[in-house]
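Here are my notes on this model, point by point. Please read them with the structure open.

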Amino acid sequence: MQEIKQAISHVEGTAIVVPGNDIDTDQIIPARFMKVVTFDGLGEYAFYDLRFTADGQQKPHPFNEERFSGASVLVVNRNFGCGSSREHAPQALMRAGIKAMVGESFAEIFAGNCTAMGVPAITLPHGSVQKVMQEIEDDPLIHITIDLPSSVITVGDASYTFDMPAAYRSALIAGNWDSTSVLLSHLDMIDNRASKIPYISGFAV
Amino acid sequence: MKRNLFNTVWDMHKVTTLETGQDQLLIGLHLIHEVTSPQAFQMLEERGLKVHRPDRTFATVDHIVPTANQERPFKDRLAEQMMQAIERNTKKHGIEFFGLHTDHQGIVHIIGPELGLTQPGMTIACGDSHTSTHGAFGAIGLGIGTSQIRDVLATQTMALSRPKVRKINVTGRLQPGVYAKDIILKIIADLGVNGGIGYAYEYNGEAIHALSMEERMTICNMSIEGGARVGYVNPDQTTFDYVEGRRYAPKGEAFDEAVEFWRSLASGPDAEYDDVYELDANTLRPMVTWGITPGQAISLDDRIPSIRDLDEEQRETAKKALKHMGFSEREPIKGKKIDVAFLGSCTNGRISDLREAARILKGHKVAKGVRAFVVPGSQQVAAQAEREGLPDIFRDAGFDWRGAGCSMCLGMNPDQLHDREMSASSSNRNFIGRQGSPSGRTLLMSPAMVMAAAITGEVSDVSEIVPSPEPVR
Ligand code: SF4
């Protein structure tokens with residue numbers, strides 16, 4: 001079996017700010033772009049309806065702004081990625097160049113999907129996120145580093161301690177965020193557990 | 001027993017604790033559909049893996065299925081491609097597939113229960129956030145992403161951190177004209193769209209246990225809209241009666257044994273929770289959303305809030321909502337004009353929803369200028385409705401009667417809002433663009449309220465149209 005094992009303990013680069021609470025996955029990738037059987041090519045549809053009018057004209061949106069081009073860290077507010085469980089949403093962002101996300105909070109399924117793709121989604125309190133957003137607004141080329149082992153994000157000269165679920169953090173650092181191989185190594189235990197569950201064993205009387 | 005159902009069922013399915021601190025959880029039932037599974041199969045094949053338990057995996061098609069003309073090949077080439085992908089993948093891996101030709105195709109969260117696949121005490125995963133629906137049976141229903149679908153296909157397990165459990169205790173009784181949908185919209189409005197992050201919701205109390213299975217499904221379905229990935233109701237006699245006799249339900253002595261097992265799982269009166277929230281059903285009124293998140297819901301008699309009355313953190317989304325909806329602060333929601341009425345979805349596309357809607361609609365006509373359609377949640381729901389003569393009631397009133405699917409719940413099939421149309425919808429999401437038009441607008445409400453809106457052309461009190469509708473329960 002081909003194993004994907006890549007430790008992710010450090011992400012750096014410039015950032016892009018997409019402000020707003022409760023940005024749902026329908027906004028990140030509108031459903032009509034999900035009529036695909038692979039994730040390839042989803043990047044160009046990230047935030048599509050927020051970026052383009054019905055006749056394809058650009059609308060003001062951070063993902064259309066030249067100053068943010070090449071950004072690898074996405075900075076957001078609260079409850080980002082709520083709604084539909086579609087992994088197409090974080091996949092579209094990743095394929096648009098995003099390698100890590102910083103926000104006040106992330107919806108649960110979304111955060112899990114990010115981790116499963118090797119993209120850290122880290123959280124900071126409201127005030128810190130506002131500050132970070134301001135710094136990036138002031139200088140879109142400001143350098144950002146996210147260090148998972150120390151749980152520190154550095155934005156220019158300022159640094160903040162961030163939060164993220166311990167399980168996600170350790171999976172990324174250990175390089176087993178692609179969980180399949182770890183899970184698969186317990187096949188005997190899986191079958192053993194299954195044989196003890198009444199509805200799987202058929203309620204034998 | 002001090003343990004709640006959630007922890008009992010979780011522990012029963014826990015294979016081991018992983019290095020990350022997450023648990024490896026065995027999935028008893030894996031449901032798949034055409035939108036989120038093809039990439040998972042692709043990843044599986046890239047790694048040369050096979051499906052570990054095809055016998056515990058079942059598939060259907062719902063999201064992309066056209067509801068007007070279901071002839072193959074579909075007109076939409078991309079939809080046809082997805083259809084072929086799931087046909088190919090299920091065939092290749094020996095997975096039972098409820099396709100269009102089977103009589104059992106439908107929205108995945110409707111066919112699971114209807115076939116008796118969904119049973120108490122199970123862990124159920126599906127690449128769809130409304131998998132919480134299955135919690136109505138006292139199961140743990142988990143919405144998962146595509147990478148996790150790959151994990152479940154390959155190992156029948158997934159890695160997950162155990163959430164906390166919040167009991168939502170609903171006391172009293174619903175008044176006529178007030179439904180399960182109103183209970184869940186109220187809970188989300190009160191606790192917020194992210195109030196449930198990190199929690200499983202246990203819906204309990206006399207008002208919940210007085211509900212039918214289908215009503216319980218409506219409530220559990222929208223747990224995710226409140227941020228809770230899992231929502232469930234403890235199994236009781238209503239649950240067992242529903243499951244008995246269904247195609248995949250245990251039969252004969254095995255059924256009796258199953259009931260005994262199912263009963264043993266329910267949270268006892270002294271069960272412990274991480275949090276408890278109380279709601280009184282007696283004072284509930286029909287709920288309607290006015291904004292762009294399911295939490296932006298108010299009682300029909302209330303006015304749209306003014307920004308400064310809201311918590312600081314809600315203001316920005318509220319401003320965006322007012323702008324998108326074209327509403328003003330302090331306006332009544334009652335009387336808002338609608339262009340489209342949609343009855344259907346995994347929240348409210350079951351036979352009892354259609355029955356109640358038809359009961360209200362009978363003898364009335366859809367208001368001029370309103371596009372109205374009803375989309376049964378499954379082929380079985382459609383067949384039952386036909387046996388009861390419901391399609392004629394809908395058609396006579398001016399509704400379009402469609403084939404089973406997700407339809408206008410999301411813009412992935414031909415049923416979509418156009419431009420700024422305002423839709424009264426029995427579905428679960430009012431996100432911007434959700435119903436297919438980036439500028440389209442959605443008002444979420446119960447099926448009965450959708451009928452009232454269809455008849456009058458505006459948001460109306462169903463009790464004023466059909467005096468004191470009898471509760472279906
Ligand atoms: S009816 Fe709507 S919410 Fe339910 S599964 Fe289909 S698209 Fe998703």
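**Notes on the interface and the ligand site**

1. Four salt bridges are counted between chain B and chain A. Bear in mind that this is a predicted model.

2. One salt bridge can be named. The side chain of B:R47 meets that of A:D178, with N to O at 2.6 Å.

3. Polar contacts also cross the interface of chain B and chain A. The rule finds 24 residue pairs, with both residues at pLDDT 80 or more.

4. Now the extent of the interface. On the chain B side, 84 residues are in contact with 61 residues of chain A. The area buried between the two chains is about 5700 Å². Carbon and sulfur atoms give 58% of that area.

5. Which three residues supply more than any other three of the area that chain B buries against chain A? They are B:T20, B:Q39 and B:R47, with 10%. B:R47 is also the partner of A:D178 in the salt bridge of point 2.

6. Turn to the ligand. The space it takes is the largest cavity.

7. The residues that surround the ligand are from chain B: B:H63, B:I107, B:H109, B:D128, B:H130, B:S345, B:C346, B:C406, B:C409, B:L410, B:N428 and B:R434.

8. How does the shell around the ligand divide by class? Five residues are nonpolar, five are polar and two are charged. Cysteine counts as nonpolar here, and the shell includes B:C346, B:C406 and B:C409.

Key
Residues are numbered from 1 along each chain as its sequence is written. Chains are lettered from A and ligands numbered from 1 in the order in which they are written. This is a predicted model: local features need pLDDT of at least 70, side-chain atom pairs count only at pLDDT 80 or more; totals for chains, interfaces and linings use all residues. Side-chain values use heavy atoms; hydrogens and water are left out. A residue is near a molecule or strand if one of its heavy atoms lies within 4 Å of it. On a 1 Å grid over the protein atoms alone, a cavity is a set of points where a 1.4 Å probe fits but cannot get out, and a pocket is an open set with protein on both sides within 12 Å along at least five of seven lines; lining residues have an atom within 4 Å of a point. A molecule sits in a cavity or pocket if more than half of its atoms lie within 2 Å of its grid points. Contact means heavy atoms within 4.5 Å. Buried area is the accessible area (1.4 Å probe) that two parts lose on being put together, summed over both. A polar contact is a pair of N or O atoms within 3.5 Å; within protein, one must be able to donate a hydrogen and the other to accept it, and residues adjacent in sequence count only if both atoms are side-chain atoms.
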